[in-house]
Amino acid sequence: MNFFRGVMGGQAAGPQPSGAETIQKLCDRVASSTLLEDRRDAVRALKSLSKKYRMEVGTQAMEHLINILQTDRSDSEILGYALDTLYNLICNDEEEEQDESEDEAMQKQSDDLGAQFTEQFIQDPEHITLILSLLEEFDFHVRWPGVKLLTALLKNQGVQVQGIILVSPMGVSRLMDLLADSREVIRNDGLLLLQQLTKSNAAIQKIVAFESAFERLLDIITEEGSSDGGIVVEDCLLLLLNLLKNNSSNQNFFKEGSYIQRMKPWFEVGDDNSGWSAQKVTNLHLMLQLVRVMVSPVNSPGASASCQKSMYQCGLLQQLCTILMATGVPADILTETINTVSEVIRGSQVNQDYFASVNAPSNPPRPAIVVLLMSMVNERQPFVLRCAVLYCFQCFLYKNQKGQGEIVATLLPSTIDANSISAGQLLCGGLFSADSLSNWCASVALAHALQDNLTQKEQLLRVQLATSLGKPPVSLLQQCTNILSQGDKIARRVSNACV
């Protein structure tokens, strides 16, 4: 064992061998030694050198390490060392801090090596099958490095590795078993592996979904505290997004499995919404994105309508509207909630009617639509929030002649209530505001109140506006014409042309 004491830093007489020479001697020992203990010590030494001498170890030792995985299956310790060494060769994560100028060059070199060694490893598809078989080992020192190695391979050569796993018997099923591992570190790294595995591959996404992924992921989210949970909840949500986005088969499976109903508790908020952690904001943002995936306008109309119906029946829409009217909700969550409500109600008469009935908890109560429009025409509000309200208003009126009539009615003399602020008053105020964005938003909103509705177009021609004190009122059409002919801002003139 004097040889290994020299390799591992002990005192040895004479000139010290170079890194490449040491690695060559270690590889020879791995290949030729008949004693398991000697092979194990040699692989352990290769692991310790694999970060500093990545190129040399990868070039000389990869074949020997793969042989170890094939021939020494009875010894979990040597398997773990071999898997860890392969991971160090293939993974591109640089842990050591570098100067900024050095960091870019070092990362490029690291990426090149990772790609090179990954390509070398997967030249024989049986090597991926070998890693998959090792993941069946329950021993922590084998399973955990195996998970990390396969994740790194997927990051570097996703399409190729996905293809190998897809045709490997029970390949995906073996990886799904990781979610049931009682050791959190393996389960959590298994989530990261499945994220890489399911990227942009509909076939694998379907297999994962039918392997009870939705049930398992929703259980983990609940166990970890839902929106109040940590990074594990975020990882589960990212995997769910991979499985559902642009995958109509999985979306239908999710709906038919009654999993939409399990999303409702995610959006329960209290009276005090101040001091949300950054992780909670991230979790809720991803949760809202999941709702939007299920009702996206790019989905088939029948699929979206079915999900919209489920979201109303289980109370999910009502819960979202509660967040919409709550105080203290972070601005970015409020904006995304508005966008989400928009798509849950778009084109659904029942959901649109419910939204029209929602009141803000003010004194006196005001319709949610009015409160939102107040933000839309308020130039002090963030741009993205104002655009979200406009989108919400558009979705509320989409294929909703009843809603269009109610909005236009608030502009007509016979229905105006001088003691309350109406949607029509806010839109007219925005239409003639000095703020060009308010002009734009209000005019586009009014245009949606008229779209494909001849009756409301005729009604709007009756609207009279008091432009200034002491002057006779003018028609809405006349005022728009005046702005078009005299306005000095192009955006303002174009916005009025929309009406």
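**Reading the model step by step**

Tutor: Met-170 counts as exposed, because its relative accessibility is 56%. Buried means under 20% relative accessible area, exposed over 50%, and partly exposed in between, using a 1.4 Å probe and protein chains only. This is a predicted model, where local features need pLDDT of at least 70, side-chain atom pairs count only at pLDDT 80 or more, and totals for chains, interfaces and linings use all residues. Residues are numbered from 1 along each chain as its sequence is written, and side-chain values use heavy atoms, with hydrogens and water left out.

Student: Where is Met-170 found?
Tutor: Met-170 is in the loop between helix H9 (158-167) and helix H10 (171-176). Helices (H or I, at least four residues) and strands (E, at least two) are DSSP runs, numbered from the N terminus. The chain has 28 helices and four strands.

Student: How far apart are Met-170 and Ser-133 in sequence and in space?
Tutor: They are 37 residues apart in sequence and 9.8 Å apart in space, C-alpha to C-alpha. Ser-133 is one of the buried residues in H7. Helix H7 (residues 126-134) is mostly covered, with seven of its nine residues buried.

Student: Is Ser-296 buried or exposed?
Tutor: Ser-296 counts as buried because its relative accessibility is 15%. Ser-296 sits in the loop between helix H16 (278-295) and helix H17 (301-313). Contact means heavy atoms within 4.5 Å. Leaving aside residues up to four places away in sequence, Ser-296 touches Ser-304 and Glu-343.

Student: How do helix H21 and helix H22 cross?
Tutor: Axes are lines fitted to C-alpha atoms, for helices over the stretch in contact, and angles run from 0 to 180 degrees between N-to-C directions. The axes of H21 (residues 368-376) and H22 (residues 383-397) come within 8 Å and cross at roughly 140°. H21 and H22 are therefore oblique to each other. Angles under 35 degrees count as roughly parallel, over 145 as roughly antiparallel, 65 to 115 as roughly perpendicular and the rest as oblique.

Student: Which residues meet there?
Tutor: Ile-369, Leu-372, Leu-373, Ser-375 and Met-376 of H21 meet Arg-386, Val-389, Leu-390, Cys-392, Phe-393 and Phe-396 of H22.

Student: And for the chain as a whole, what share of residues counts as buried?
Tutor: Of the chain's 499 residues, 49% count as buried. Among contacts between residues at least 6 apart in sequence, 69% join residues at least 24 apart.
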